[in-house]
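The following note sets out several points on the structure shown below. It begins with a single residue and then turns to the chain as a whole.

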Amino acid sequence: MTTMATSLRERRADSAGRARMREAFVGYGFVALPMAIFGIFFLYPIGYAIYISFFKWGIYGKIASIGTGNYRYLFHDHVFGIALKNTLLFTIAVVPLQMALGLAMAIVVNQKIRGRGFFRSAFYFPSLTSSAAISAIAIFVLNADGLLNKIIGGHTAWFENESTALWSIVGLNGWTTAGTMMLFYLAALQAIPTDVYEAAAIDNTGTWRTFWKITFPLLKPGHFFVAVVSVIGAMKIFDQAFIISHGTGGPNNSTMFMVLYLYRTAIYDAHFGRAAAMGVLLLLIIMVFTLIQRFAFGRPEVQ
């Protein structure tokens, strides 16, 4: 009897082991295709860009190995310095704007107000609209004789003035992307337990104090996610700057951003190795910003 019981336990253990192996095999099968796509379309291009960044690479391929020559050139390139400065200024200005607008709109549409569905759609609509269409309308509105100047009684061509072009794009981009940040914040707001607000109501805590002492701290995971997404998007600004400046980065390089300069280096000048080096540096900068935010906001998990 003891032998039979032992044999039965062994068969059950063997069957359970095979079942776990089949389950693991099925799981890896589901993961394999997305990982293969990720490797082909993301990891391989990154690795290839790093590879060609160490060569003088033209239209017909590799010309010569120059080591870190492309990187040394960029560190001494005046236009690249301007593009880096503009990109950092744009990021520092637009990220707080996007986060503040997104949080404010999320708080509004999270309330039980009449027409809440309409306001959610209206706030999110600019994020769905084509960036090219919005930029074309903005050029018309912010022209010297455009609608804005007629309202305020001015004559400034906002996108054609070196001192206002960058900040005009900041305002335009902040408005068009705040709707997406609103959705992220709305999801984070709805994940906050209602019992904390009930406890605050029992203690007669005011609305403003409730926001700063309860809502805002509990939104830390949302702040982290929104900040990371916003910084990455801001560092990659291209389409609005390209359309508004007609691809030149003008006036006087005031709207020359890193991705736009990368595009001009690769497409107009056919310096693919130099453009690849620029892309690698942009990747490193984004990684540094992400790590800074990781340490600034702490763990992204819901506390």
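1. In this predicted model, Thr-265 counts as buried because its relative accessibility is 2%, and the cut-off for buried is under 20%.

2. The setting of this residue is helical: Thr-265 belongs to helix α12, which covers residues 258-268. Within the model, the side chain of Thr-265 comes to 2.8 Å from the backbone oxygen of Tyr-261.

3. Which residues are in contact with Thr-265, once its neighbours within four places in sequence are left aside? They are Ala-270, His-271, Arg-274, Ala-275 and Met-278.

4. Turning to the chain as a whole, the secondary structure consists of 13 helices and two strands. Of the 303 residues, 34% count as buried, and Thr-265 is one of the residues classed as buried.

5. The overall dimensions deserve attention. The radius of gyration of the protein chain is 26 Å, whereas a compact globule of 303 residues would have a value near 19 Å. The C-alpha trace spans about 100 × 70 × 30 Å along its principal axes.

6. On contacts across the sequence, the count considers residues at least 6 apart in the protein chain; 65% of these contacts join residues at least 24 apart.

7. The chain carries 23 positive and 13 negative charges, and the mean positions of the two sets are 6 Å apart.

How values were computed. Residues are numbered from 1 along each chain as its sequence is written. This is a predicted model: local features need pLDDT of at least 70, side-chain atom pairs count only at pLDDT 80 or more; totals for chains, interfaces and linings use all residues. Side-chain values use heavy atoms; hydrogens and water are left out. Helices (H or I, at least four residues) and strands (E, at least two) are DSSP runs, numbered from the N terminus. The radius of gyration is taken over C-alpha atoms; the globule rule is 2.2 Å times the number of residues to the power 0.38. Buried means under 20% relative accessible area, exposed over 50%, partly exposed in between (1.4 Å probe, protein chains only). Contact means heavy atoms within 4.5 Å. Lys and Arg count as positive and Asp and Glu as negative; His and the chain ends are not counted. The place of a charge is taken as NZ of Lys, CZ of Arg, CG of Asp or CD of Glu. A polar contact is a pair of N or O atoms within 3.5 Å; within protein, one must be able to donate a hydrogen and the other to accept it, and residues adjacent in sequence count only if both atoms are side-chain atoms.
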